[in-house]
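This report goes through a single protein chain, from its overall make-up to selected sites. Please look at the sequence and the model before reading on.

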Amino acid sequence: MPFTRINSKMIEARVVPGQRLFSQRGAMLAYTGEVRFTPNITGGQGGVMSMIGRRVANEDTPLMTVEGQGSVMFGHGGHHVHVIDLNGDTLYVEADRLLAFEGSLQQSTMFMGSQGGVMGMVRGQVTGQGLFTTKLEGHGAVAVMAHGGVFELPITPHQPVHVDPQAYVAHRGQVQNKLSTALGWRDMIGRGSGEAFQLELSGNGTVFVQASEEKL
C-alpha cells in the first residue's frame, strides 16, 4: 500500500521507480529521497477534457505528477485525510476534496448534471460545490480530504441515503444521485444546504460523508 497514515491529517506515500502518483498542488509537506514534482497539464490520465472539467470547477492549478524514489508526506490546509482502496471498482470524488492518488488508476471527469439533471446544476450554483466530480477507477489507493473526519454510510437497493450536498465527499459502487429540495424557490434564497437541499444516493455502494458542512 503506497499510503501510510501518519496522523489524522497527514499521510506518507512511497514513491518507487516506474510508478507515478498524482497529488493536488500544494499538498506536499516534506519528502525524502530523489523525488520529482512536475505540473500535469493534462489532468492526470483523463486527458484534456479532465483538465477542462477541473478548471470549470475553479481548479485553476493542475495536478502534480510525483515520480522518482523516496517518500512524500502529504496534507493540505489541516484537513482530515481519509484513504480509500479501490479493487477494480469506481470512485467519484468532489474535485476539491481529492488529495492524492496512484497513477495506476484511470481518471476522468463527470459532469454532476449528467445524473442530477438541472438540479445537478442548481447544486453547483447554490451550494458552491463544483459541477464536476473526479472519477477514478481500477486498482489503487486514493486519499481524500474532509472537515472533521469522514464516516461511511452503506447504500442498499432498499435503503437510499440522503446527504447534505456540502457534507458529501465521495461515493463508490453502482449508485445514482439525485438532488431534491424540500423548500420552495423563495425559501431557498440564501440557503445552500441542510433542509434546503438533499442529495439522494440510491443503488448499491457506499457514500463518504464529512463531519462538517464547511467547504474546502
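## Overall make-up

How many helices and how many strands are there in the chain? There are 3 helices and 13 strands, where helices (H or I, at least four residues) and strands (E, at least two) are DSSP runs numbered from the N terminus. The model is predicted, so that local features need pLDDT of at least 70 and side-chain atom pairs count only at pLDDT 80 or more, while totals for chains, interfaces and linings use all residues. Residues are numbered from 1 along each chain as its sequence is written, and side-chain values use heavy atoms, with hydrogens and water left out.

Of the 216 residues in the chain, 48% are buried; buried means under 20% relative accessible area, exposed over 50%, and partly exposed in between, with a 1.4 Å probe and protein chains only. The accessible surface of the chain comes to about 10000 Å², and carbon and sulfur atoms hold 51% of it; these areas come from the Shrake-Rupley method with a 1.4 Å probe, and for residues only the protein chains shown count as cover. Among contacts (heavy atoms within 4.5 Å) with a separation of 6 or more, 82% join residues 24 or more positions apart.

## Confidence

The chain has a mean pLDDT of 79, and 69% of its residues reach 70 or more; pLDDT is the predictor's confidence in each residue, from 0 to 100. Confidence is highest in strand β2 (residues 10-15), at a mean of 96, and lowest in helix α2 (residues 113-127), at 44. Over residues 113-130 the pLDDT stays under 50, although the model has 45 contacts beyond four places in sequence for this stretch. Residues 184-188 also have pLDDT below 50, with 4 contacts in the model beyond near neighbours in sequence. Where pLDDT is low, the predicted coordinates should not be read in detail.

## The loop between β9 and β10

His147 is placed in the loop between β9 (132-146) and β10 (150-155), and Gly149 lies in the loop between β9 and β10 as well. His147 is buried, with a relative accessible area of 12%, and Gly149 is buried at 14%.

Leaving aside residues up to four places away in sequence, Gly149 touches His80, Val209, Gln210 and Ala211.

Beyond residues up to four places away in sequence, Met64 touches Leu21, Phe22, Ser23, Arg25, Phe37, Thr38 and Pro39.

Asp96 is found in the loop between β6 (80-94) and β7 (98-102) and is partly exposed, with a relative accessible area of 25%. Its C-alpha is 9.3 Å from that of Val169, which is 73 residues apart from Asp96 in sequence.

## The second largest pocket

The second largest pocket has a volume of about 150 Å³. Its lining includes Pro2, Arg14, Val15, Val16, Gln19 and Arg20, along with Leu21, Val66, Glu102, Gly103 and Ser104. A pocket here is, on a 1 Å grid over the protein atoms alone, an open set of points where a 1.4 Å probe fits, with protein on both sides within 12 Å along at least five of seven lines, and lining residues have an atom within 4 Å of a point. Grid points are joined across faces, edges and corners, and the volume is the space filled by probe spheres set on the points.

By class, the lining has 5 nonpolar, 3 polar and 3 charged residues, where Ala, Val, Leu, Ile, Met, Phe, Trp, Tyr, Cys and Pro count as nonpolar, Asp, Glu, Lys and Arg as charged, and the others, Gly among them, as polar.
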